[in-house]
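Student: I have the sequence and the coordinates open side by side, and I would like to work through them with you step by step. Could we begin with the charged pairs and then move on to the helices and the sheet?

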Amino acid sequence: MVTRTSDIATPARVVSDFERALHVEGRRHLGLFALEGFRLIERALATSTPLTHVLVSDHASQDPSPRLHKLLVELGEQKHPVVSIPHSTMDRLLEGRTLGPVLALAKIPPSPNLTTLVTELSSNPRAKILVLDEMMDPGNVGALLRTSHAMGVAAVIALGGTDPFHPRAARTSMGSIFRVPVLRLPSADELIPALRSLHYFTIGASSDAPTLLPHAPIPRKPIALFVGNEGKGLSPSIRAALDLLVAIPMSSTIDSFSINAATAVVLYAITHPNS
C-alpha cells in the first residue's frame, strides 16, 4: 500500500481542516465537507467527487483489510492526495465508529440555479422534487437523501437550517449525497413562485391534513413534495401556499410516522398513483 502526502498541506493542517469541516461555519468557510468510512469514500470515487485530501492511519501498512488496500490503490490511481496521520488521531476523529479507518474532505458541490433547475425539470411530467423545510436532525436529512435517490427524486431543496452536508447527514445518506442534486435556499420565498409559474403541483405531508393519501388526486405533472420540521411540521406560510396537504392513514394509537417513513410512503404514492 502506498500513500502520498500532499506537497502543500501538512498532516496537522489537514486534520485541522477536517475538524473544522465537522461544523457548519467551518464547512461554509472551507467549502468542504467531511466523509468517513469505506462506503462513503468508495462512492465518492465512483461519482468522481473531488476529494481534496484523504486521511489514513499511520498503521495502514499493517492493516490486513483487502478493502483498505483496494481503496488506497484506487486513490493512488486517481491521484487523490493521501495523508498519513497518527493512529491515535484517527481513533479520536472516529469516536468509536467502525465504518472503516479512513476519512476524507470533499468539495461541497456548487448549488444548482433555482430557475434553471425547475425549468429543466418542468418538461418531465414524472419529475419529483423533495423540499425539506427547516429539518434539524442531520440523520433524518441523510436518510431522506437516500430515500430520494431510491425513489428517483430529481433534486432535493433544503430550506433554512437544513444541512445536507453535516457529517451525520453524509454518513446516513450512504453515498446518495453524491447522486442527488441539492439546492440550499434560505426560505421558500423564491421557490414557491418559481414552481407556481411553471405549473408544478405542490404537495405537503402533514398528519393533520384533511385529505388522506389514498384519496389524493395526483396529477400527471411535475410534483414538489414539501416535508416539514420534525417537531413543528411545515411552516404556516408554506402550508397556505401549497396545492394539497395529505395525511397517511395510520393506527389510532399513534399520531405520526417517522419523517423518513412518511416521506417514502408519499413518494411511492406519487410515483405509482394507480397502485
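Student: With which residue does aspartate 163 form a salt bridge, and how far apart are the closest N and O atoms?

Tutor: Please keep in mind that this is a predicted model. The cut-off for such a pair is a side-chain nitrogen of Lys or Arg within 4 Å of a carboxyl oxygen of Asp or Glu. Aspartate 163 has a partner that meets this condition, namely arginine 27, and the closest N and O atoms are 2.5 Å apart.

Student: How many residues apart in sequence are the parts that this pair ties together?

Tutor: Aspartate 163 lies in the loop between S6 and helix H8 (167-173), whereas arginine 27 belongs to helix H2. The pair therefore ties together parts of the chain whose separation in sequence is 136 residues.

Student: Are aspartate 163 and arginine 27 buried or exposed?

Tutor: A residue is called buried when its relative accessible area is under 20%. Aspartate 163 has a relative accessibility of 10%, and arginine 27 has a relative accessible area of 4%. Aspartate 163 is accordingly buried, and arginine 27 is likewise buried.

Student: Turning to helix H1, what separates aspartate 17 and arginine 13 along the helix?

Tutor: Aspartate 17 and arginine 13 form a salt bridge, with 3.5 Å between the closest N and O atoms. An α-helix has 3.6 residues a turn, so residues three or four places apart point the same way. Aspartate 17 and arginine 13 are four residues apart in helix H1, and their separation is therefore about one helical turn.

Student: Which strands are the edge strands of the open sheet?

Tutor: The seven strands of this open sheet are arranged in the order S7-S6-S5-S10-S8-S11-S9, with parallel pairing. An edge strand pairs on one side only, which holds for strand S7 (182-185) and strand S9 (211-212).

Student: Within that sheet, which residue of S11 stands opposite isoleucine 203?

Tutor: Strand S8 (residues 201-205) is paired with strand S11 (residues 244-247) over three bridges, in the parallel sense. The residue of S11 that stands opposite isoleucine 203 is leucine 244.

Student: At about what angle does helix H11 run to S10?

Tutor: Helix H11 (residues 259-271) lies across S5, S8, strand S10 (223-227) and S11. Its buried residues, including Ile259, Val266 and Leu267, pack against those strands and also against H7. The angle between H11 and S10 is about 165°.

Student: What span should the 13 residues of H11 have, and how far apart are its end C-alpha atoms?

Tutor: The expected span is 1.5 Å times one less than the number of residues. For the 13 residues of H11 this gives 18 Å, which agrees with the distance between its end C-alpha atoms, 18 Å.

Note on methods
Residues are numbered from 1 along each chain as its sequence is written. This is a predicted model: local features need pLDDT of at least 70, side-chain atom pairs count only at pLDDT 80 or more; totals for chains, interfaces and linings use all residues. Side-chain values use heavy atoms; hydrogens and water are left out. Two strands pair if DSSP finds at least two bridges between them. Helices (H or I, at least four residues) and strands (E, at least two) are DSSP runs, numbered from the N terminus. Contact means heavy atoms within 4.5 Å. Axes are lines fitted to C-alpha atoms, for helices over the stretch in contact, and angles run from 0 to 180 degrees between N-to-C directions. Buried means under 20% relative accessible area, exposed over 50%, partly exposed in between (1.4 Å probe, protein chains only).
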